[in-house]
Each structure stands twice: as C-alpha cells, then as structure tokens.
Amino acid sequence: MISYAQAYERILAYVQGLTVIDTHEHLPGTEAKRDPQGDFFTEYLSHYFNRDLVSAGMPVADLQRVLDTRLPVGERWRICEPYWALCRHTGYGRALDRSVQGIYGLPRIDGGTVEALDAAFRAGMASGAHYERVLKQVSNIAMCVLDSDWDCDRRYFRSMTQMGQFILPKFFSDIEGVQRFVGAPIHSFVDWLEACETMIDLACEAGVVGFKTPMAYGRSLLVEDGSYHEAEQCFQGFWKDAHLPDWETKTVHTTKAYQDYMLHHILRRVAKRDMTVQIHTGLQEGNGNLLAHANPTQLCSLLLRYPDVRFVLMHIGYPYQMELGAMGKMFPNVYLDMCWAHIISPNASRMALREWLDTVPVNKICAFGGDYVFIDGVYGHLALAKEDVSASLARKAIDDQLDIEEANEIARHLFVQNPYDIFRLERAGVVL
C-alpha cells in the first residue's frame with residue numbers, strides 16, 4: 001500500500017509541472033506602473049503581513065518608520081524584528097519566506113539576509129523584466145485574472161471590473177469621473193443607469209472577462225430588491241453638495257436600497273453578456289471589520305434570482321468554508337475559489353478542499369489566486385497552494401478514494417482547466 005509521503009511526493013511532482021491559471025490578483029497592470037521608489041520593505045509590507053505585525057502588537061507609528069526609505073535597511077529591520085518573529089509562521093509569513101527562497105535564492109527573511117534581499121529586490125526592479133521572471137519563469141503561470149486594470153499587459157493578465165463607483169460611490173468626484181469616462185453628461189438617474197450600461201459595454205470592448213464586487217467590506221452580502229423609486233431618490237441626494245467650492249470634499253451617501261438596485265441593474269446586464277461574477281466572501285483584509293457582513297449564506301436569494309450567471313465565491317469564505325461548500329453543491333451557478341485562502345490559513349485550505357471534494361463536483365473548484373498587490377508574493381502563495389492541494393489529494397489517495405492518476409487529473413482541473421473554463425479565457429484569447 002502506498003504511504004502518504006509517497007502519494008504526496010508523486011502528486012506534488014505532477015502539480016509542479018502544471019502551467020497554472022491564477023484567478024485573482026491586485027498587481028499593477030504593467031511593470032511600468034510599479035513604484036520605482038519602492039524597496040523590499042515598502043513592497044513586502046504593503047499587503048497582508050503588515051496586518052499580522054499590527055495584530056501582534058506593533059505600533060502603527062513603528063510600521064510607518066519601517067516603511068520610511070530614508071532610514072537604513074538594518075535599522076528598519078531592528079524595529080520590526082520582534083514582531084516579525086511572532087508572525088513568521090502564519091500563512092502570510094510563510095509565503096514571504098517561500099518567495100525569497102524561490103526568487104532570490106535566500107533561505108528566509110531575517111537580520112542576516114535582509115540587506116542582500118533588498119539589494120536583489122532593487123536589481124529586479126531595475127531590470128524591467130521582473131514580471132516575466134516571477135510570473136512565467138519561476139511560477140509558470142499561464143495567465144492571471146487581474147482586479148480592475150483594463151489597461152494591463154496582456155502577456156500576463158486579463159482584467160475584471162468592479163463598477164464600485166456605481167454601487168458604492170463615496171464622493172461626487174466619482175460621478176464626475178464617470179461623466180468624463182463615458183463622454184456623456186449625467187443630469188438624472190436615467191442618465192446614470194445609461195452610463196452604467198455604457199461602462200459595461202466599454203469593459204467588454206476592452207477585453208474584460210467579468211465583474212467583481214467587494215461589497216462585504218462596507219456592507220452586508222444580503223441583497224434585496226430595492227425599488228427604482230428608492231434608488232432614484234437616493235441618487236438625487238448626490239447633488240446636495242455639488243455647489244460647494246472645489247477645495248471642499250463633496251461626499252455622497254447611499255442607502256442599502258440604492259446599492260441593491262444598482263447591483264441588480266448591473267447583474268441583469270452582465271447576464272446578457274455572459275460575464276463571470278466574482279464576489280468577495282469571508283475574511284476582510286485589514287485590522288478590523290464586521291465579519292458577519294461577509295457570511296456567504298446571505299447570498300442565497302441572489303443566486304436563486306440569477307441562475308444564468310456564473311458566480312465565483314472567493315477566498316473559501318473563510319471562516320465559513322463549510323457553508324461555502326454546501327452552496328457549491330446546491331447551486332449549479334456557484335463556483336468556489338481558493339484565491340487568498342492558502343495564505344490566510346494553509347490548514348483550513350487543506351481541510352476545506354478535502355471536504356469539498358466529498359461534496360462538490362470537481363469542475364466547480366479553482367485552486368489558486370495570489371490576491372497580492374506586489375509581484376513577489378505571488379510565487380510564495382502559489383508554492384503553498386501547490387503543497388495544500390497535493391496534501392489534500394494525497395490524503396484522499398491513501399484512504400483509497402482516488403488513485404494517483406485520478407488525483408493528478410483533479411489537480412489539473414483545479415489549477416488549470418476549471419479557471420480557464422469558468423472565466424471563458426478561450427474567448428479572451430488565452431491559449432493553454
């Protein structure tokens with residue numbers, strides 16, 4: 001009988017050879033859009049791990065000092081080292097160590113390597129070819145689905161669009177920005193709805209592959225009807241502060257009824273264009289939020305309303321991963337995405353995948369999305385994702401639920417075929 005270690009090594013060896021599809025990134029859409037003044041600290045502590053440091057007790061003022069590029073690298077390391085040691089073994093911390101190992105050949109991030117790491121990082125930045133190295137050469141990623149940058153490098157990315165300026169506008173400048181972008185004045189709610197449809201048309205013309213909503217950061221996932229009249233009344237209120245001078249901040253306030261109406265307006269049009277819809281579920285990034293707002297079970301009525309729309313529910317819904325699995329089983333139009341999840345909790349990701357493989361058709365699960373704002377993190381996250389998927393499948397293999405060939409075929413679906421099909425990447429010109 002094959003051992004767990006043997007099964008794991010054989011499956012991992014196969015997975016390492018796959019050219020994967022990355023379902024979700026927040027990277028700058030071109031390498032030229034990276035901050036040329038950035039260094040190791042400003043990039044690596046721009047996302048996720050900085051939250052662990054603060055959670056461990058690091059004062060925000062100290063974090064700001066670490067991000068100050070005027071200070072010597074060694075001094076900045078000494079400030080954060082006590083907190084880094086406390087967080088090194090979280091998923092966020094482990095991914096960063098894996099990144100420096102795979103990209104720069106350094107054993108890990110510590111006082112003995114940080115100077116060399118910063119120098120290597122700056123050399124990569126100066127090369128102008130770091131995207132090619134990280135995404136293609138060392139990560140073997142065929143394509144990334146990018147969050148909201150239509151003007152992206154199509155060697156590496158296809159974009160989603162958020163449309164948040166229509167659902168949750170915060171400032172009057174959001175409305176003015178829409179006017180400029182669509183090239184038409186907005187005087188009424190009818191104009192606003194027409195501008196929304198124009199924006200969706202422009203997105204499709206630009207090759208955007210879907211629509212994403214991160215609304216769980218600012219409100220509940222429970223979406224009700226919201227009447228036209230209620231939405232129009234709310235929109236009319238946007239003009240209340242329009243007369244204020246340019247130096248005044250002109251804010252707008254939306255009601256839940258308005259937000260719900262606008263989301264339905266967008267989904268009806270997305271359905272006509274066969275666009276995939278990503279919805280943030282579960283843990284919100286940052287230090288503090290209302291976690292219950294992101295419980296995916298609140299989406300059930302919306303999923304029932306739009307059986308013709310492909311909904312991708314993101315981040316394993318952590319910590320609601322079992323509920324998310326049940327929804328993947330119940331709803332033909334629901335797909336489950338493990339983007340971000342392997343660095344939130346590798347253990348939860350392994351347990352969720354084993355559970356989902358017991359309950360959810362295998363064509364409905366996507367294994368990986370880096371979900372980073374900085375390029376190096378993608379490699380480390382992918383390394384953890386490959387290990388998590390291989391470990392989950394190996395456990396199934398030694399329990400006589402799968403043979404190795406079946407496990408490998410499932411891995412190919414999770415990392416390659418499923419995201420390719422769900423996001424209609426063939427239609428977007430992506431060739432496997």
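1. Where is the place of D201? D201 sits in helix α11, helices here being DSSP runs of H or I with at least four residues, and strands runs of E with at least two, numbered from the N terminus. At 31% relative accessibility D201 counts as partly exposed, the band between buried (under 20% relative accessible area) and exposed (over 50%), using a 1.4 Å probe and protein chains only. From D201 to N363 it is 162 residues in sequence and 29 Å in space, C-alpha to C-alpha.

2. A word on the source: this is a predicted model, where local features need pLDDT of at least 70 and side-chain atom pairs count only at pLDDT 80 or more, while totals for chains, interfaces and linings use all residues. Residues are numbered from 1 along each chain as its sequence is written, and side-chain values use heavy atoms, with hydrogens and water left out.

3. Now the helix pair. α10 (residues 172-182) packs on α11 (residues 189-205) at about 55°, with the axes 10 Å apart; axes are lines fitted to C-alpha atoms, for helices over the stretch in contact, and angles run from 0 to 180 degrees between N-to-C directions. The contact (heavy atoms within 4.5 Å) is made by I175, V178, F181 and V182 of α10 with W192, A195, T198, M199 and L202 of α11. By class, that is eight nonpolar, one polar and no charged residues, where Ala, Val, Leu, Ile, Met, Phe, Trp, Tyr, Cys and Pro count as nonpolar, Asp, Glu, Lys and Arg as charged, and the others, Gly among them, as polar.

4. On to the cores, meaning sets of buried Ala, Val, Leu, Ile, Met, Phe, Trp, Tyr and Cys residues joined through side-chain atoms within 4.5 Å. The largest nonpolar core has 133 residues, and F166, W192, M262, F311 and F415 have the most contacts inside it. Helix α18 (residues 376-398) gives the most to this core, with eleven residues. Leaving aside neighbours within four places in sequence, F415 touches residues including V15, L18, F368, L382 and V389. Another core, of 15 residues, lies apart from the largest one, with A142, M143, Y420 and F423 among them.

5. Some backbone spots to look at. Y318 and P319 are joined by a cis peptide bond, omega about 5°, and P319 is in the loop between β6 (311-313) and α15 (321-330). I316, in the loop between β6 and α15, has a positive phi of about 50° although it is not a glycine. I316 is buried, at 1% relative accessible area.

6. W340 is worth a look too: phi is near 70°, positive in a residue other than glycine. W340 lies in the loop between β7 (334-337) and α16 (341-344), and is buried with a relative accessible area of 1%.
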